[in-house]
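Me: I have a structure to study and would like to talk it through. Could you help me read it step by step?

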Amino acid sequence: MSRALLAALALAATTVADTCDTVASQTSITILNPLTLAYTESQGEYWSTACSDLAPSCILEPETTAEVAAIVSILRDNNETFAIKSGGHNPNNYFASVEGGSQISTKSLNEVIFDPATETVRVGPGNRWDDVAAALDGTGYTVVGGRIGNVGVGGYLVGGGLSFMSAQYGWAANSVVEYTLVLANATILTVSETSYPDIFMTLKGGGNNFGIVTSYLLQAYPQGDVWGGNLIFDATPENSAALLAAVRDFTEYYPDEKAAVIVTAERTLATLADIWVMFLYYNGPDVPAGVFDNFTAVPHITDTTKTQTYSELVSGNNWSVLKGQVYTIGTETTPLPSAADGPEIMGAIFDHWVNVSDTAALVPGVVASIAFQPIPKQLASIARSKGGDMLDLDADVDRIMFELDYSFLDDADYATIDTTMRDTYGGFQSIVQGYQASGMLPADAYLPLFQNDCFYPQNYFGRLRPEKLALAQQVQAEVDPDGFWTERTGGFKIPA
Ligand SMILES: Cc1cc2nc3c(=O)[nH]c(=O)nc-3n(C[C@H](O)[C@H](O)[C@H](O)COP(=O)(O)OP(=O)(O)OC[C@H]3O[C@@H](n4cnc5c(N)ncnc54)[C@H](O)[C@@H]3O)c2cc1C
């Protein structure tokens, strides 16, 4: 072995333990070490087992913003990679997970403090959305958050955040009024629209490129009982056609800003069991006549909809969070086709998904799902009226944002599914572009990607408006000129 290689290995050996050892010797921050129960349990919190399999050298659980800043200071003095983890629901490997470096878990930054006087709630990134909903239960208020309770607050909000209340109040990020942020130089900033307007904007969909958010101050909204639950349908050709038409119509005619749906098709490829699972939500105890009729008229095999508290609904949706599988997530965006062209275009997209998912049928345990997520003009308008965000949707067109998921049993099949995922969203983009070229979809529609649903190679920042990308680059140059977050931790990175 050459001396240079020995020196490099020695350096690697010392840097691997560096952050954990230094935090242990210089601070009283809680550290979970490998081969302990607490470490193993924490690793089990990821949605995807592929993230759980990446083993950090230790897990750091700071309890205060000052402790997060102390960790960042220590990281500045070495060259280790690290991960920032909130709920661990992002299934992209190395985004909130790391092999060998330290993991900063926000788990103990878990405050939920409601202030009725200002109608705001201070929420720590260590919470999951069902924790937040439960803490606010009975106050008569809630915040705009995740549709499935188990999703974490931290990653969801820096990714924008699509909520059941988004047609009413915008992206979840539009209701953040203040961030507590630890910068790359370990400075702590209180970021609001007036204190640091550019950083404030970039945090609304800019991911983890600007710092670690240790607290979110969220606008609270009056909240009573809600109506919602699931409908499950057999995926017969008739049902599929009816549901595709219904979700198209719902997006265009958006019947009521208090209403929301996620329309999901699922294929368990080994058994050829194809179903549709629909999530319905109405922000009130009773649904006005007609709001969901196009969906409820389709013959269904299960109906769990009922009036319940918001907290019950959000935690009730946790049934859909199945652990023990490797997950991948991806997305694409289409302008909404007209009612006349809907059957052809929605049908082409659906058929493409069926055909590509078939190519992965031999992967053990594979389940393919596609969610049709309505993004009506109304959402774009309300988002802009609340000050805007990095996605900066216009109200020129209605849109559908697809969420694609492939889950499977064995990490060894990741490369196969990686190709399948790229083929799925890549094909969607080709289909959309084809219909734009033929004039059946608006050619000049702005079609960004929704970060929270992006697969790791997708060009989130490249699909934003050029001025938003330029803002992200400018703020990054100001607050992280050395590329600390870019070089040292995973996530969607700002292109130079
Ligand atoms: C079952 C399920 C349902 C979902 N439903 C929705 C939904 O309704 N709406 C929606 O918008 N998305 C949804 N998503 C997507 C989800 O929002 C993203 O996966 C999001 O990244 C998860 O948030 P998290 O806190 O669990 O993230 P993590 O996986 O912990 O982190 C994701 C990314 O955010 C960064 N990050 C985390 N915390 C912080 C912080 N405090 N400061 C800076 N960076 C941070 C991490 O470094 C990482 O890069 C869903 C995902 C799943 C699996």
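Me: Before we start, what does "buried" mean here, and what are "exposed" and "partly exposed"?
Reply: A residue is buried when its relative accessible area is under 20%, exposed when it is over 50%, and partly exposed in between. Please keep in mind that this is a predicted model.

Me: Is F455 buried or exposed, then?
Reply: F455 is buried, because its relative accessible area is 0%.

Me: How many aromatic pairs are there?
Reply: The count comes to 28 aromatic pairs. Among them is the pair of F455 and Y456, which is edge-to-face, with 4.7 Å from centre to centre and 65° between the planes.

Me: Why is that one called edge-to-face?
Reply: Planes over 60 degrees apart count as edge-to-face, and the planes of F455 and Y456 are 65° apart. As for its accessibility, Y456 counts as partly exposed because its value is 35%.

Me: What about Y460 and F461?
Reply: Y460 and F461 also form an edge-to-face pair, at 4.9 Å centre to centre and with 75° between the planes. Y460 is buried at a relative accessible area of 2%, and F461 is buried at 2% as well.

Me: Which rings are linked into a cluster?
Reply: W276, F350, W353, F372, F402 and F428 are linked into a cluster by ring pairs.

Me: Which residues touch the most other members of the largest nonpolar core?
Reply: They are W171, F292, F295, W353 and F372, in a core of 130 residues. Helix 14, residues 414-437, gives the most to this core, namely eight residues.

Me: What does W353 touch?
Reply: Not counting residues up to four places away in sequence, W353 touches A265, E266, R267, A368, S369, I370, L404, Y406, T424 and F428.

Me: What is in the second core?
Reply: The second core is separate and has 21 residues, including V23, V68, A69 and I104.

Me: Changing topic: which charged ends sit over rings?
Reply: One of them is that of K85, over the ring of Y46 and 4.5 Å from its centre. Another is that of R465, over the ring of Y446 and 3.8 Å from its centre.

Me: Where is H89 found?
Reply: H89 is in the loop between strand 3 (82-85) and strand 4 (102-105). H89 counts as buried, because its relative accessibility is 14%.

Me: And what is H89 in contact with?
Reply: Leaving aside neighbours within four places in sequence, H89 is in contact with W47, R128, N150, V151 and V321. The side chains of H89 and N150 are joined by a polar contact of 2.7 Å.

Me: Which residues of helix 5 are buried?
Reply: In helix 5, residues 129-136, the buried residues include W129, D130, V132, A133 and L136. They line one face of the helix, because they fall within an arc of 160° seen down its axis.

Me: Why would residues three or four places apart point the same way?
Reply: An α-helix has 3.6 residues a turn, so residues at that spacing point the same way.

Me: What covers the buried residues of helix 5?
Reply: The cover includes strand 5 (112-115), strand 6 (120-123), strand 7 (141-142), helix 6 (153-158), strand 10 (212-219) and helix 11 (310-316). Just after helix 5, G138 takes a positive phi of about 95°.

Me: Last one: where is K107?
Reply: K107 is in the loop between strand 4 and strand 5. K107 and N127 are 20 residues apart in sequence, and their C-alpha atoms are 6.8 Å apart in space.

How values were computed
Residues are numbered from 1 along each chain as its sequence is written. This is a predicted model: local features need pLDDT of at least 70, side-chain atom pairs count only at pLDDT 80 or more; totals for chains, interfaces and linings use all residues. Side-chain values use heavy atoms; hydrogens and water are left out. Rings of Phe, Tyr and Trp (its six-membered ring) pair if their centres lie within 6.5 Å; planes under 30 degrees apart count as stacked, over 60 as edge-to-face and the rest as tilted. Buried means under 20% relative accessible area, exposed over 50%, partly exposed in between (1.4 Å probe, protein chains only). A charge sits over a ring if NZ of Lys or CZ of Arg is within 6 Å of the ring centre and within 35 degrees of the ring normal. A nonpolar core is a set of buried Ala, Val, Leu, Ile, Met, Phe, Trp, Tyr and Cys residues joined through side-chain atoms within 4.5 Å. Helices (H or I, at least four residues) and strands (E, at least two) are DSSP runs, numbered from the N terminus. Contact means heavy atoms within 4.5 Å. A polar contact is a pair of N or O atoms within 3.5 Å; within protein, one must be able to donate a hydrogen and the other to accept it, and residues adjacent in sequence count only if both atoms are side-chain atoms. The arc is that of the directions from the helix axis to the C-beta atoms.
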